[in-house]
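This briefing goes through one protein model by topic. Please look at the sequence and the structure first, then read the points below.

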Amino acid sequence: MADFESLTQSVISGREAQVREQTAAMVAAGVKPLEIINQGLIAGMNIVGPRFKNGDMFVPEVLMAAKAMAAGIEIVRPLIADTDMPSIGKILIGTVRGDLHDIGKNLVAMMLESGGFTVINLGIDIPAEKFVAAIKEHKPGVVGMSALLTTTMLNMKEVIDLINEEGLQVKCIIGGAPISQEFADEIGADGYAPDAASAVELCKKLLAAS
Ligand code: B12
């Protein structure tokens, strides 16, 4: 049977088939599902996050690692009752209206999931009304908006304005290549993070403070 260390290594190297095999072998050997997730699968992504942030890993490798981790989680998830799956908070995330870029947003979503958050990923080209409807339905602690174009980043303000108009209690964070802390302050966002690993830290900080 594979040990946690080699499962973690398979996640880091993005070896999806191997992660599947090793996870299934661990399940068959009676290892607890949550231990497989925390000590094997998520442990791998916890190493990938900082490596990506430091420039030691690149986007394609991170996506492969995240995909490999997700393949393992798929095997284990049915064995865990919903209530046992620990979640440290709910995050809603989407790319704003007019913008079709989603690689970075999906990385953020996957990193948040591997960090223990429940993530509702709305997708791309999401108008303010749709963000607001989803906030009412899912009641997240944080809503994350992504934009990669200097034209669509202006649509982030629309979302924040509508959230305020409706009096919804939710922290708003923003990100994407053209976004800065200065812009976040300007449109009244609660936070900005330059990359996926920092986004996880930011969400933890905001939810701890609320
Ligand atoms: C891939 C790509 C595309 C793909 C998108 C595929 C997809 N599924 O996403 C396609 C080909 C579809 C595309 C289309 C276009 N693109 Co384009 N694209 C890119 C490119 C090369 C890479 C973007 C990317 O994925 N980066 C990698 C990810 C990991 O980085 P990231 O998105 O920045 O995300 C990180 C952080 O920003 C942060 N983050 C991201 N989102 C969030 C959200 C939150 C809440 C937080 C906290 C953090 C966070 O964390 C992420 C991980 O670390 C960039 C160039 C570049 N260097 O950025 C151009 C770029 C963004 N595109 C550009 C343009 C102009 C276009 C088009 C208009 C081209 C055209 N003429 O048709 C169209 C627009 C389509 C549309 N309406 O959106 C320009 C934008 C210029 C500008 N300043 O506005 C860029 C900068 C290229 C350039 N130099 O001209 N594009």
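In this predicted model, the largest nonpolar core has 60 residues. V11, A65, M111, L112 and A199 are the residues with the most contacts inside this core. Helix α4 supplies the largest share of the core, seven residues. The core lies between domain 1 (4-84) and domain 2 (90-209), because both domains give residues to it.

**The two domains**

- The domain assignment of the protein gives domain 1, residues 4-84, and domain 2, residues 90-209.
- Between the C-alpha centres of domain 1 and domain 2 there is a distance of 25 Å.
- Ten residues from domain 1 and ten residues from domain 2 take part in the contact.
- On the side of domain 1 that touches domain 2, the elements giving two or more residues are α3 (33-53) and α4 (59-76).
- Of these, α3 gives the largest share of that side, with six residues.
- By type, the residues on the side of domain 1 that touches domain 2 are eight nonpolar, one polar and one charged.

- M111 is among the residues with the most contacts inside the core.
- Apart from residues up to four places away in sequence, M111 touches M45, G49, A196, A197, A199 and V200.

**The sheet**

- Strands of a sheet pair through backbone hydrogen bonds, and the pairing is either parallel or antiparallel.
- Here, five strands form an open sheet in the order β2-β1-β3-β4-β5, and the pairing is parallel.
- Strands β2 (118-126) and β5 (191-192) are the edge strands, each pairing on one side only.
- Strand β3 (residues 142-146) and strand β4 (residues 171-175) run parallel and are joined by five bridges.
- M145 has I174 in β4 as its bridge partner.
- Helix α5 (residues 103-114) lies across β1 (90-96), β2, β3 and β4, and runs at about 175° to β1.

**A loop residue, G98**

- G98 is placed in the loop between β1 and α5.
- Is G98 buried, exposed or partly exposed? G98 counts as partly exposed because it has 16 C-beta neighbours inside 10 Å, whereas a buried residue needs 20 or more and an exposed one has 12 or fewer.
- Neighbours within four places in sequence aside, G98 is in contact with D125, T151, T152 and N155.
- G98 and N155 are 57 residues apart along the chain, and their C-alpha atoms are separated by 8.3 Å.

Terms used:
Residues numbered from 1 in each chain as written. Predicted model: local features only at pLDDT ≥ 70, side-chain atom pairs only at ≥ 80, totals over all residues. Domains from an automatic or database assignment. Contact = placed C-beta atoms within 7 Å. Helix = DSSP H or I, 4+ residues; strand = E, 2+ residues; numbered from the N terminus. Nonpolar A, V, L, I, M, F, W, Y, C, P; charged D, E, K, R; others polar. Pairing = 2+ DSSP bridges. Axes fitted to C-alpha atoms, helices over the stretch in contact; angles between N-to-C directions. Core = buried A, V, L, I, M, F, W, Y, C linked by C-beta atoms within 7 Å.
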